[in-house]
Amino acid sequence: MCICCGQTLDGESGLLFGYIHKGLRLHDVEVSRLRNIDMKNLLCRKKLYLVLDLDHTLLNSTTLNRLSQEEMPIITQKSYLEGSLFMMEQLQMVTKLRPFVRTFLKEASEIFDMCIYTMGDRSYALEMARLLDPQREYFNANVISRDDGTRRRKKDLRMVLEKESAILILDDTERVSCKKSKLPRPDKLFGPIRYDFFRLYVEH
């Protein structure tokens with residue numbers, strides 16, 4: 001239903017933004033209007049918009065069944081991990097935050113508005129956002145998962161309610177697609193050194 005006139009609209013028109021509100025679908029005209037408003041807001045605050053990947057960029061996760069019984073007690077020592085490793089029994093996973101990731105998020109928030117975009121499922125994405133941002137200072141509801149995307153095995157920047165010209169991407173892969181091109185411009189995609197804590201730990 002149109003929020004302006006109450007007219008019933010085609011259920012397939014526009015884009016679904018379920019990560020913002022369950023069932024929320026916005027027509028292209030409304031998406032464009034919101035992006036223009038947000039662009040003005042960013043410019044007034046002298047900021048850009050940063051789209052952040054999770055796995056191997058901000059953190060590294062592995063399933064519990066991939067760790068041997070000998071590795072489990074060693075890898076979960078609090079003195080060794082200094083509070084940066086989290087056991088999530090509900091997901092049957094262990095997650096290690098990248099060193100200084102919270103410092104990075106704090107400093108990045110001064111020049112960027114930010115969102116998470118991951119190829120993990122929604123429950124995983126929300127749990128990782130909680131670990132990275134327990135006070136909900138940086139992401140709020142801006143957590144996009146593969147369940148929210150429109151393209152299989154690719155991140156679709158149309159799901160981000162910001163103008164493409166204001167977006168920068170931090171991702172260890174190039175599985176990102178834009179509206180006008182298959183891949184973002186090279187000056188918009190920044191690939192950090194892949195963070196693979198568990199593989200390196202097991203090897204050493």
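This is a predicted model: local features need pLDDT of at least 70, side-chain atom pairs count only at pLDDT 80 or more; totals for chains, interfaces and linings use all residues.
**Entry 1: the whole chain**

I started with the overall tally. The chain's secondary structure comes to six helices and twelve strands. Of its 204 residues, 42% count as buried. I then checked how far along the sequence the contacts reach. Among contacts between residues at least 6 apart in sequence, 66% join residues at least 24 apart.

**Entry 2: salt bridges**

How many salt bridges does the structure hold? I found ten. I looked up three of them.

My pick to begin with was K155 and D171, whose side chains meet at 2.7 Å, N to O. K155 sits in strand β9 (residues 155–156) and D171 in the loop between β10 (167–170) and β11 (176–177), so this pair ties together parts 16 residues apart in sequence. Are these two buried or exposed? Both K155 and D171 are buried.

Next came D113 and R45, which form a salt bridge at 2.5 Å, N to O. D113 belongs to strand β7 (residues 112–117), while R45 is in the loop between α1 (28–44) and β3 (48–52), so the bridge links parts that are 68 residues apart in sequence. D113 has 21% relative accessibility, so I put it down as partly exposed. R45 has 35%, which also makes it partly exposed.

Then I went to R158 and D156, joined by a salt bridge at 2.8 Å, N to O. R158 is partly exposed at 26% relative accessibility, but D156 is buried, with a relative accessible area of 0%.

I moved on to the sheets. A reminder for myself: strands of a sheet pair through backbone hydrogen bonds, either parallel or antiparallel.

Three strands make an open sheet, ordered β4-β6-β5, with antiparallel pairing. Which strands stand at the edges? They are β4 (59–63) and β5 (85–88); each has a single partner strand, so one side of each is left without a neighbour in the sheet. From one strand to the next, the twist averages 20°.

I zoomed in on one pairing here. β4 and strand β6 (residues 93–97) pair in the antiparallel sense over five bridges. On that pairing I found S61 standing opposite T95 in β6.

**Entry 3: a sheet of five strands**

The other sheet I looked up is open too, with five strands in the order β8-β7-β3-β10-β12 and parallel pairing. Its edges are β8 (143–144) and β12 (189–190), each with a single partner strand, so one side of each lacks a neighbour in the sheet. β7 and β8 pair in the parallel sense over two bridges. I looked for a bridge partner of Y117, and it is I144 in β8. β7 was already in my notes, as the strand where D113 lies.

**Entry 4: helix α4**

Which residues of helix α4 (residues 101–108) are buried? I listed V101, L105 and A108. They cover an arc of only 70° around the axis, which puts them on the same side of α4. The face turned away from that buried side carries the exposed residues K106 and E107. I also checked what covers the buried residues of α4: the cover includes β3, β6, β7 and α5 (122–132).

**Entry 5: L131**

L131 is found in helix α5. Its relative accessibility is 5%, so L131 counts as buried.

What is L131 in contact with, leaving aside its neighbours within four places in sequence? I found F86, M88, T95, L97 and R102. T95 is the residue I'd noted opposite S61. The C-alpha atoms of L131 and T95 are separated by 9.3 Å, and the two residues are 36 apart along the chain.

Key. Residues are numbered from 1 along each chain as its sequence is written. Side-chain values use heavy atoms; hydrogens and water are left out. A salt bridge is a side-chain nitrogen of Lys or Arg within 4 Å of a carboxyl oxygen of Asp or Glu. Helices (H or I, at least four residues) and strands (E, at least two) are DSSP runs, numbered from the N terminus. Buried means under 20% relative accessible area, exposed over 50%, partly exposed in between (1.4 Å probe, protein chains only). Two strands pair if DSSP finds at least two bridges between them. Axes are lines fitted to C-alpha atoms, for helices over the stretch in contact, and angles run from 0 to 180 degrees between N-to-C directions. The arc is that of the directions from the helix axis to the C-beta atoms. Contact means heavy atoms within 4.5 Å.
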